[in-house]
Amino acid sequence: MSKLAMPTLWTRMKAELGDSDAQYQLAEALRATDVAASVPWYRRAARQGHAAAQTMLAFLLANGIGVPPDPRRAVSWYRRAAAKGDVGAQNNLGYMHEHGAGVPCNPAKAALWYRLAALQQSAAAQVNLALLLLDGRGVDRDEAEAVHWLRAAAGQGHPAAQYRLALCLREGVGIGRDPAEAALWMQAAAAAGDRDALAALADLRADAVPAADDGEGWEEEAIGWQHQAERRPMQGAHAGAMPPG
C-alpha cells in the first residue's frame, strides 16, 4: 500500500465514523474527480454544522453541480454558514438576494451580506458592494464609498475591481480624476486577464498611434491585446457568487 493512499484511507475511516472534518476533507478530495460522489459527504458534514461544508454544498446546489439545482435549499445552507461568519457564504448569500435566486430579489439584504463579507476582506464581496453603491441599489448611492471598496479589492489583486477602479479614476467618479493611476490599474487588470480591461487597452492602443509614426508597432501591440481579450472567457465586472475556498 502506497504512502500516498494512507491519508485517504485514514480520512475515509474517520469520515465513516462521523468525523465532520474528515467528511469535509474526503468530499474535497472526491470533488476533483467526481463531484456527484462528493455531495453526500458534504451533506453529512454540513448536517453536523461544518460551515465550510455547508457553504460548498450550497454552492453546488445553487449551480446544479453534481446535484440537481435547488436554489431554495442552497439559500438555507448559505444562511447557516453565513451565521457562523463564513465569508464565502455571506458573499454568496448576498448574491442570491441580489438576483432573486431561491429568495425574493432584495438588494438591501444583498448589501447587508456583502458588507459583512467585505469587512472580513472578501475581495468579491467588496466589488459586489461597490457596484450596489455606484448604482444606488439597496443602499444610498455613494460613489466615494464605492471607490473605497474597489480600491480595497484591487489591492488584493481582484481584476474586476482593478478595472472598475481604473474607470472611476479615469472619469473622476467618487474620486478626483487621475489618468496616470487609472492606466496603472487598467494594465494590472489586463495582465490578470480581465476581458474588459484587455479590450479597453486594445482600443486605447489603436487610437493612440502617433501621427509621425507608421503605426506598425502600435498596431501590433493593439492586435495582441485584442487577441488576448478574444481568447479569454467572458467575465462580467460583477464578482458574483464565488466558489468557496
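This is a predicted model: local features need pLDDT of at least 70, side-chain atom pairs count only at pLDDT 80 or more; totals for chains, interfaces and linings use all residues.
1. A189 is buried, as its relative accessible area is 0% and buried means under 20%. Setting aside residues up to four places away in sequence, A189 touches P159, Q162, Y163, D194 and A197. As a further spatial reference, A166 lies 23 residues from A189 in sequence, and their C-alpha atoms are 8.9 Å apart.

2. Now for the overall layout. The protein has 13 helices and zero strands, so the pattern along the sequence reads α-α-α-α-α-α-α-α-α-α-α-α-α. Of its 245 residues, 41% count as buried. Taking contacts with a separation of 6 or more, 47% come from residues 24 or more positions apart.

3. The largest nonpolar core deserves a careful look on your screen. This core holds 36 residues, and the members that touch the most others are L129, L150, L165 and M186. Two or more residues come from each of α7 (107-119), α8 (123-135), α9 (143-155), α10 (159-171), α11 (179-191) and α12 (195-207). The biggest contribution is that of α8, with nine residues.

4. Apart from neighbours within four places in sequence, L129 is in contact with A111, Y114, R115, A118 and W149. There is also a second, separate core, made of 30 residues, with A15, V39, V67 and M96 among them.

5. Q126 belongs to helix α8. Is Q126 buried or exposed? Its relative accessibility is 1%, so Q126 counts as buried. Leaving out residues up to four places away in sequence, Q126 touches A118, Q121, W149, A152, A153 and Q156.

6. Two packed helices are described by the angle between their axes and the distance between the axes. For helix α3 (residues 35-47) and helix α4 (residues 51-63), the axes come within 8 Å and cross at roughly 135°. That angle makes α3 oblique to α4, because roughly antiparallel would need an angle over 145 degrees. The crossing of this pair, α3 and α4, is left-handed.

7. Which residues of α3 and α4 make the contact? From α3 they are V35, S38, V39, Y42, R43, A45 and A46, and from α4 they are A53, Q54, M56, L57, L60 and L61. Sorted by class, the contact of α3 with α4 has 10 nonpolar, two polar and one charged residues. V39 in this contact is also a member of the second core.

8. The other pair is α9 and α10. Their axes come within 8 Å and cross at roughly 135°, and α9 and α10 are therefore oblique to each other. The crossing of α9 and α10 is left-handed.

9. The contact between these helices uses V147, L150, R151, A153 and A154 of α9, together with A161, Q162, R164, L165, C168 and L169 of α10. By class, the residues in the contact of α9 with α10 are eight nonpolar, one polar and two charged.

Note on methods. Residues are numbered from 1 along each chain as its sequence is written. Side-chain values use heavy atoms; hydrogens and water are left out. A nonpolar core is a set of buried Ala, Val, Leu, Ile, Met, Phe, Trp, Tyr and Cys residues joined through side-chain atoms within 4.5 Å. Buried means under 20% relative accessible area, exposed over 50%, partly exposed in between (1.4 Å probe, protein chains only). Helices (H or I, at least four residues) and strands (E, at least two) are DSSP runs, numbered from the N terminus. Contact means heavy atoms within 4.5 Å. Axes are lines fitted to C-alpha atoms, for helices over the stretch in contact, and angles run from 0 to 180 degrees between N-to-C directions. Angles under 35 degrees count as roughly parallel, over 145 as roughly antiparallel, 65 to 115 as roughly perpendicular and the rest as oblique. A crossing is left-handed if the near helix is turned anticlockwise from the far one by less than a right angle, and right-handed if clockwise. Ala, Val, Leu, Ile, Met, Phe, Trp, Tyr, Cys and Pro count as nonpolar, Asp, Glu, Lys and Arg as charged, and the others, Gly among them, as polar.
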